[in-house]
Structures are given as structure tokens and as C-alpha cells.
Amino acid sequence: MTANMRNTEVNGDSSGARGEVSLLRPLKAAEVVARAIVGDIRSGGLAAGANLPSEAAMLDKYGVSRESLREGLRLLEVHGMITIRRGPGGGPIVGAVDSAHLGRVSALFYTMEGATYDELLEAWVWAEAELAERAARNPDADLRAVRMEPFVHAHDESEDGAPDALGDYLERHAGFHHAVAGLAGNRVLALSLETYGQIVAHHVAVLDDPRALRDVLIDDHLQIASSIASGHPRRARELMWQHLGGVVEYCREHLSVPLESPIEWL
Ligand SMILES: [Zn+2]
């Protein structure tokens with residue numbers, strides 16, 4: 001398996017510079033300690049917000065230099081797997097698994113590869129349609145109903161009657177797509193396919209105000225949520241495809257960069 005993968009990489013068209021190096025590179029001390037910490041978080045069943053041992057305790061436990069330990073912790077912090085509270089009484093705590101961090105890493109790869117916004121948006125529409133179809137196929141009808149319940153009613157305004165701030169709006173929009181992904185029944189697919197939307201949302205938030213789209217989007221969500229709750233996979237897929245097709249058209253007209261331009265790492 002490994003040998004085949006290596007051959008594929010080495011013989012691949014434009015990947016001569018990749019190949020064996022990325023697969024067989026020995027780990028640095030900081031990476032080894034980062035893996036050990038992750039192993040301890042998992043085996044200890046530590047949830048987001050749980051305290052990790054102090055630096056002194058970790059130095060003792062993992063037997064690495066202070067520099068390597070800090071570099072290892074920093075590696076995990078970049079991916080949001082831990083947060084480090086600075087100052088007295090501070091220390092590392094376990095972070096939440098959030099596909100936004102994975103999205104940030106993959107956006108770096110797309111940027112370095114010269115991939116375009118068009119390619120990102122195409123991937124996004126396909127991914128969300130796939131997730132919607134899988135969510136509607138989730139065999140637990142009660143779970144589908146519960147998870148989709150908040151979205152099958154139109155919410156015109158936030159609770160105090162004021163229009164949503166941009167941040168609230170984006171959060172609510174992302175909340176729907178996250179709920180759909182959570183029903184897809186495969187955490188690998190959910191985490192990886194959600195990243196496209198995370199990157200798109202990040203760029204739309206930076207480049208334009210997507211609230212102009214809100215009425216359309218909320219009505220779309222309502223229809224998609226109903227089709228998932230009632231277990232209609234093809235309809236869910238089709239509606240999601242149309243929904244994001246509309247967003248892509250909006251992006252084509254309103255984003256300040258042409259969609260054929262390369263993705264910027266923001
Ligand atoms: Zn949406």
C-alpha cells in the first residue's frame with residue numbers, strides 16, 4: 001500500500017517535488033510530542049475546555065526540551081486543538097474540533113497550488129449537495145427532525161427585533177450547513193466537506209456583505225431542512241444544489257475579485 005502510494009506520487013505528472021519526502025519524512029521532536037499530547041487527550045477522554053498538565057509536568061512526562069514542547073503545543077494551537085492561556089494561572093486547555101481550522105490549512109494548499117475561486121465554489125456546491133443527500137438518508141428519523149427543527153421556521157429578525165449583525169448572520173447561516181453535515185453519518189466526510197463552505201464564508205465576509213442574500217437563503221434553508229427532516233434525499237440534494245448555485249451567481253456579480261483569480265490565503 002505504502003509502496004504503491006509512493007510510486008503513484010513519484011510517477012505523477014506534476015508532483016515530482018513531492019513523492020516520498022512528505023510520506024516518509026521522520027518526525028521532529030515537536031511533532032512527536034504533539035502526537036503524544038493528542039494521544040493523551042483522546043485516551044483520557046478530555047473534552048473541549050479541559051485543562052492539560054502544566055508545562056513543568058509535561059516536560060517531565062514527555063522528556064523533551066522546553067523548546068520542543070512549546071513548538072509542539074504551538075502546532076496544536078494553530079489547528080485549534082488546544083488554546084493556551086497566557087500569564088499567571090494560565091496553561092494549555094483542550095480546544096474544540098472545528099472544521100474552520102481545517103479549512104484554513106487547506107486554503108493555504110489551494111493558494112500554493114494556484115487554485116481559483118471558481119474551483120473552490122464548484123467544490124463547495126458539490127460537497128454541500130452530497131452532505132444534504134446523505135443527511136436526508138440518515139436512518140434516524142427522530143434525529144433528522146430534531147436537528148432540522150430550528151430551520152424549518154422562518155426567522156426574520158434576531159430576538160430583540162433588530163436586524164442581525166453580519167457576524168450573527170454568518171454564524172446562523174453556517175449553523176444550518178453544520179447541522180446538515182452533522183446528519184451525514186460520516187465524520188470524515190462531514191469535517192472535510194464542510195471546509196469549502198468555511199473558506200467561502202470567510203472570503204465573502206471579508207469581501208462583501210452577504211446580508212443582501214438573507215431572505216433568499218433563509219427561505220432556501222427552510223425548504224432544504226424540510227426535505228431532510230421528511231427523508232427525501234434526491235430533493236434535498238437538488239434544493240441544496242439550487243441554493244448554492246444562487247449564492248455562486250451572487251458571488252460572481254458582487255465579489256471584488258473575479259472568480260477565475262487564484263484563491264488568496266486569508
Ligand atoms: Zn445556506
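How are α3 and α4 oriented to each other? They are roughly perpendicular to each other, a class that covers angles of 65 to 115 degrees, whereas those under 35 count as roughly parallel, those over 145 as roughly antiparallel and the rest as oblique. The legends below describe a predicted model, in which local features need pLDDT of at least 70, side-chain atom pairs count only at pLDDT 80 or more, and totals for chains, interfaces and linings use all residues. Residues are numbered from 1 along each chain as its sequence is written, and side-chain values use heavy atoms, with hydrogens and water left out.

**Figure 1. Overview of the protein chain.** The protein chain has twelve helices and two strands; helices (H or I, at least four residues) and strands (E, at least two) are DSSP runs, numbered from the N terminus. The elements run α-α-α-α-α-β-β-α-α-α-α-α-α-α from the N terminus on. Of the 266 residues, 35% count as buried, that is, under 20% relative accessible area, with exposed meaning over 50% and partly exposed in between (1.4 Å probe, protein chains only). Among contacts (heavy atoms within 4.5 Å) with a separation of 6 or more, 74% join residues 24 or more positions apart.

**Figure 2. Crossing of α3 and α4.** The axes of helix α3 (residues 29–43) and helix α4 (residues 55–62) come within 12 Å and cross at roughly 105°. Axes are lines fitted to C-alpha atoms, for helices over the stretch in contact, and angles run from 0 to 180 degrees between N-to-C directions. Helix α3 contributes V33, A36, I37 and D40 to the contact, and α4 contributes M58, K61 and Y62. By class, these residues are five nonpolar, no polar and two charged; Ala, Val, Leu, Ile, Met, Phe, Trp, Tyr, Cys and Pro count as nonpolar, Asp, Glu, Lys and Arg as charged, and the others, Gly among them, as polar.

**Figure 3. Crossing of α4 and α5.** The axes of α4 and helix α5 (residues 66–78) come within 10 Å and cross at roughly 110°, and the two helices are therefore roughly perpendicular to each other. On the α4 side E55, M58 and L59 take part, and they meet R66, L69, R70 and L73 in α5. This contact has four nonpolar, no polar and three charged residues.

**Figure 4. The largest nonpolar core.** A nonpolar core is a set of buried Ala, Val, Leu, Ile, Met, Phe, Trp, Tyr and Cys residues joined through side-chain atoms within 4.5 Å. The largest has 42 residues, and M148, F176, V180 and I228 have the most contacts inside it. Two or more residues come from each of α7 (117–137), α9 (166–182), α10 (187–207), α11 (214–229) and α12 (233–254). Helix α7 gives the most, with ten residues. Not counting residues up to four places away in sequence, V180 touches L131, A132, A135, M148, I228 and M240. Another core, of 13 residues, lies apart from it and includes V33, I37, I41 and L59.

**Figure 5. The aromatic pair F151 and F176.** The structure holds one aromatic pair. Its ring centres are 5.1 Å apart and the planes of F151 and F176 are at 70°, so the pair is edge-to-face. Rings of Phe, Tyr and Trp (its six-membered ring) pair if their centres lie within 6.5 Å; planes under 30 degrees apart count as stacked, over 60 as edge-to-face and the rest as tilted. F151 lies in the loop between α8 (141–148) and α9, and F176, 25 residues apart from it, in helix α9. Both F151 and F176 are buried.

**Figure 6. Surroundings of V200.** V200 lies in helix α10 and is buried, with a relative accessible area of 5%. Leaving aside neighbours within four places in sequence, V200 is in contact with L120, L121 and W124. The C-alpha atoms of V200 and Y117 are separated by 8.6 Å, although the two residues are 83 residues apart along the chain.
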